[in-house]
Every structure is written in C-alpha cells, then in structure tokens.
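Please go through the briefing below with the sequence and the coordinates at hand.

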Amino acid sequence: MNRTMTLDTLDEGTSGRVAGLMINGPMRRRLQDIGLIDGTEVVCLRKSPSGDPVAYLIRGAVIALRSEDSSKILIENRAAAF
C-alpha cells in the first residue's frame with residue numbers, strides 16, 4: 001500500500017518514489033540536479049546518531065540530506081527495500 005509522506009519521515013531500510021518537491025529557488029534546482037524528480041526511487045540507508053543528516057541512495061549515488069531539505073520532498077512510501 002502506498003501513502004504520501006515527506007522524505008524525512010522515511011525509516012532506515014525503506015524506499016519510496018518522489019511524488020513532488022515543495023521547495024523553490026536554488027535548492028529546488030540542486031535537488032533536481034542530484035536526480036530528485038517525480039518517479040525517482042529513493043532508499044533511506046542510514047540516519048546519523050543525531051538524526052540529521054540522513055544518507056539516501058538516489059540513482060546509484062549515496063547523498064546526505066538535512067532534514068530541513070528532506071522535509072520538503074514528497075514521496076510515496078513503499079515496503080522495505082532490503
């Protein structure tokens with residue numbers, strides 16, 4: 001079952017597909033440049049001990065994002081990735 005949520009709420013080991021970006025300006029462009037466009041699969045790999053930043057697998061690359069930014073990325077949640 002799919003449900004829409006923000007990327008920062010994704011648990012370790014789970015994946016989702018990008019459903020939209022709720023951010024504008026240079027940061028929106030940066031997120032699009034690293035591959036965060038509609039339909040892209042994202043896997044939450046590891047959360048730091050403090051919870052920020054979080055490592056995500058995006059199009060074959062491991063990218064760390066701050067919760068300030070990941071909270072503005074809508075995803076459709078899926079079952080466990082591994």
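Arg 59 is exposed in this predicted model, because its relative accessible area of 54% is above the 50% that the term requires. The residue sits in the loop that joins strand E4, residues 54-58, to strand E5, residues 61-65, and its phi is positive, at about 50°, although Arg 59 is not a glycine.

**Surroundings of Arg 59**

- Leaving aside residues up to four places away in sequence, Arg 59 is in contact with Gly 35, Ile 37, Thr 40 and Glu 41.
- Between the C-alpha atoms of Arg 59 and Leu 74 there are 17 Å, while the two residues are 15 positions apart along the chain.

**The chain as a whole**

- The protein chain holds two helices and six strands, and these follow one another along the sequence in the pattern β-β-α-β-β-β-α-β.
- Taken along the principal axes, the box filled by the C-alpha atoms has dimensions of roughly 35 × 30 × 20 Å.
- Of the 82 residues, 38% count as buried, and the protein chain exposes about 4700 Å², of which carbon and sulfur atoms supply 51%.
- When contacts with a separation of 6 or more are considered, 62% of them in the protein chain come from residues 24 or more positions apart.
- There are 11 positive and 10 negative side chains in the protein chain, and the centres of these two sets are 3 Å apart.

**The largest nonpolar core**

- The largest nonpolar core has 18 residues, and the members that touch the most other members are Leu 7, Leu 31, Leu 36, Val 42, Tyr 56, Leu 65 and Ile 73.
- Two or more residues of this core come from each of strand E2 (14-21), helix H1 (26-33), strand E3 (41-47), E4, E5 and strand E6 (73-80), and E4 gives the most, with three residues.
- What does Leu 7 touch, not counting residues up to four places away in sequence? Its partners are Val 42, Tyr 56, Leu 65, Ser 70, Ile 73 and Ile 75.

- Gly 20 has its place in strand E2 and is buried, because its relative accessible area of 10% is under the 20% cut-off.
- Beyond residues up to four places away in sequence, Gly 20 touches Asp 38, Lys 72, Ile 73 and Leu 74.
- Gly 20 and Cys 44 are 24 residues apart in sequence, and their C-alpha atoms are 17 Å apart in space.

**Ala 64**

- Ala 64 is part of strand E5, and its contacts, not counting residues up to four places away in sequence, are with Pro 53, Val 54 and Ala 55.
- From the C-alpha atom of Ala 64 to that of Lys 47 the separation is 9.3 Å, and the two residues are 17 apart along the chain.

How values were computed
Residues numbered from 1 in each chain as written. Predicted model: local features only at pLDDT ≥ 70, side-chain atom pairs only at ≥ 80, totals over all residues. Heavy atoms only, no water. Helix = DSSP H or I, 4+ residues; strand = E, 2+ residues; numbered from the N terminus. Buried < 20%, exposed > 50% of the residue type's maximum accessible area, 1.4 Å probe, protein only. Core = buried A, V, L, I, M, F, W, Y, C linked by side-chain atoms within 4.5 Å. Contact = heavy atoms within 4.5 Å. Areas by Shrake-Rupley, 256 points an atom, 1.4 Å probe, with all protein chains shown as cover. Lys, Arg positive; Asp, Glu negative; His and termini not counted. Charge placed at Lys NZ, Arg CZ, Asp CG, Glu CD.
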